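These are my notebook entries on one chain. I record what I looked up, entry by entry.

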Amino acid sequence: MILGGVPEVLVVGEAADGAEVPAAVAAYAPDVVLMDIRMPRVDGLTATEALRAAPDPPEVLVLTTFDADEQVLRALRAGAGGFLLKDTPPAEIVAAVRRVAAGEATLSPAVTRRLITHVTAPAPATGPDARRDRARRLLDGLTAREREVAVALGQGRTNAEISAELFMSVATVKAYVSRLLAKLDLNNRVQVALLVHDAGLV
C-alpha cells in the first residue's frame, strides 16, 4: 500500500517466507528487496545472507519491529543496504527505498544510535578478538590512500566531506570507494565502516 502508488517504484512481487525469496528474486529481478526479519520458516536475516552471497544480488532494505543490536549488525554485515523499524513514517520508507536503490546506505535514527553505541563501546580487556584480527589483516592490504578513505567512511563522512578532507575530487573519492568495495569484497559503505570499527581504527 505504501509503495504501490509511488512514481518510479514498481512492486513486482511478494514472498511470505525467506525460503521463497531466491525464487521470487530470480523470477522478478527486483532492484530492491524490502525484507522482514520474522518469517515462519526461514528468517529475513538468513534470507539476506543467502541473497547477498549470490551473484549480482539486489539491494536489501530490512524493515522490522525488532532492533536488537545483533540483528542490526548481522543484517549490515550480510550486506543489507539499510535497516528501518516498522514505525518509520511511510514517506521515510519510500525515501529509504530510493536511497538503497541508488546504492546509498540508510538506517533509522534509533538503529543509528544503537549502532554507534555498539561500535564505540570499549572492547573486552581480555581474550582473542578474531573479528578485530581479520579486519586488520584485510585493511593491511590497502594502500595508504585507500586506508585513509576507509577510515573516513568509518567516521561516517560523506563523499563531499572526504573530498574536502583528503584534497581529492568527489569523482576520485567515488572511485576509491568502488575500489575499496572490490578489494575488500564488500557490498556497501556500511560494511567498510564496520570493518574499520572492528579493526579499532576509529
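Entry 1: I began with the cut-off for burial: a residue counts as buried when its relative accessible area is under 20%, with a 1.4 Å probe and protein chains only. I note here that the model is predicted. I then looked up Val62, which is found in strand S2, residues 59-64. Val62 has a relative accessibility of 1%, so this residue counts as buried. Which residues does Val62 touch, not counting residues up to four places away in sequence? I found Met35, Ile37, Thr48, Ala75, Ala80, Gly82, Phe83 and Leu84. I also looked up the spacing of Val62 and Leu45: the two are 17 residues apart along the chain, and their C-alpha atoms are separated by 8.5 Å.

**Entry 2: the chain as a whole.** I next recorded the secondary structure, which comes to 10 helices and 4 strands. Read from the N terminus on, the elements run α-β-α-β-α-β-α-β-α-α-α-α-α-α. The chain has 202 residues, of which 42% count as buried. For contacts in the chain with a separation of 6 or more, I noted that 59% come from residues 24 or more positions apart.

**Entry 3: helix H1.** I asked which residues of helix H1, residues 21-28, are buried. They are Val21, Ala24 and Val25. I then looked up what covers the buried residues of H1, and the cover includes strand S1 (32-35) and H2. After H1 comes Ala29, whose phi is positive, near 45 degrees.

**Entry 4: salt bridges.** I took a side-chain nitrogen of Lys or Arg within 4 Å of a carboxyl oxygen of Asp or Glu as the criterion. By this rule I have 11 salt bridges.

I looked up Arg74 and Glu49, which form one of them, with the closest N and O atoms 2.7 Å apart. Arg74 lies in helix H3 (residues 69-77) and Glu49 in helix H2 (residues 44-53), so this pair ties together parts that are 25 residues apart in sequence. Arg74 is partly exposed, at a relative accessible area of 33%, and Glu49 is partly exposed as well, at 31%.

Asp140 and Arg147 meet through their side chains in another salt bridge, at 3.6 Å from N to O. Asp140 is exposed, with a relative accessible area of 56%, whereas Arg147 counts as partly exposed at 28%.

I then turned to Lys183 and Glu146, a salt bridge whose closest N and O atoms are 2.8 Å apart. Lys183 belongs to helix H9 (residues 170-184) and Glu146 to helix H7 (residues 144-154), so the pair ties together parts that are 37 residues apart in sequence. Are these two residues buried or exposed? Lys183 is partly exposed, with a relative accessible area of 43%, while Glu146 counts as buried at 3%. I also recorded a network of salt bridges that links Glu146, Arg179 and Lys183.

**Entry 5: H7 against H10.** Two packed helices are described by the angle between their axes and the distance between the axes. I looked up both for H7 and helix H10 (residues 189-198): the axes come within 8 Å and cross at roughly 95 degrees. The two helices are therefore roughly perpendicular. Which residues meet in this contact? On the side of H7 I listed Ala150, Val151, Leu153 and Gly154, and on the side of H10 Arg189, Val192, Ala193, Val196 and His197. The residues of this contact divide into 6 nonpolar, 2 polar and 1 charged.

**Entry 6: Asp133.** Asp133 counts as partly exposed at 32% relative accessibility. How far apart are Asp133 and Gly200 in sequence and in space? I noted 67 residues in sequence and 9.8 Å in space, from C-alpha to C-alpha.

How values were computed:
Residues numbered from 1 in each chain as written. Predicted model: local features only at pLDDT ≥ 70, side-chain atom pairs only at ≥ 80, totals over all residues. Heavy atoms only, no water. Buried < 20%, exposed > 50% of the residue type's maximum accessible area, 1.4 Å probe, protein only. Axes fitted to C-alpha atoms, helices over the stretch in contact; angles between N-to-C directions. Parallel < 35°, antiparallel > 145°, perpendicular 65-115°, else oblique. Contact = heavy atoms within 4.5 Å. Nonpolar A, V, L, I, M, F, W, Y, C, P; charged D, E, K, R; others polar.
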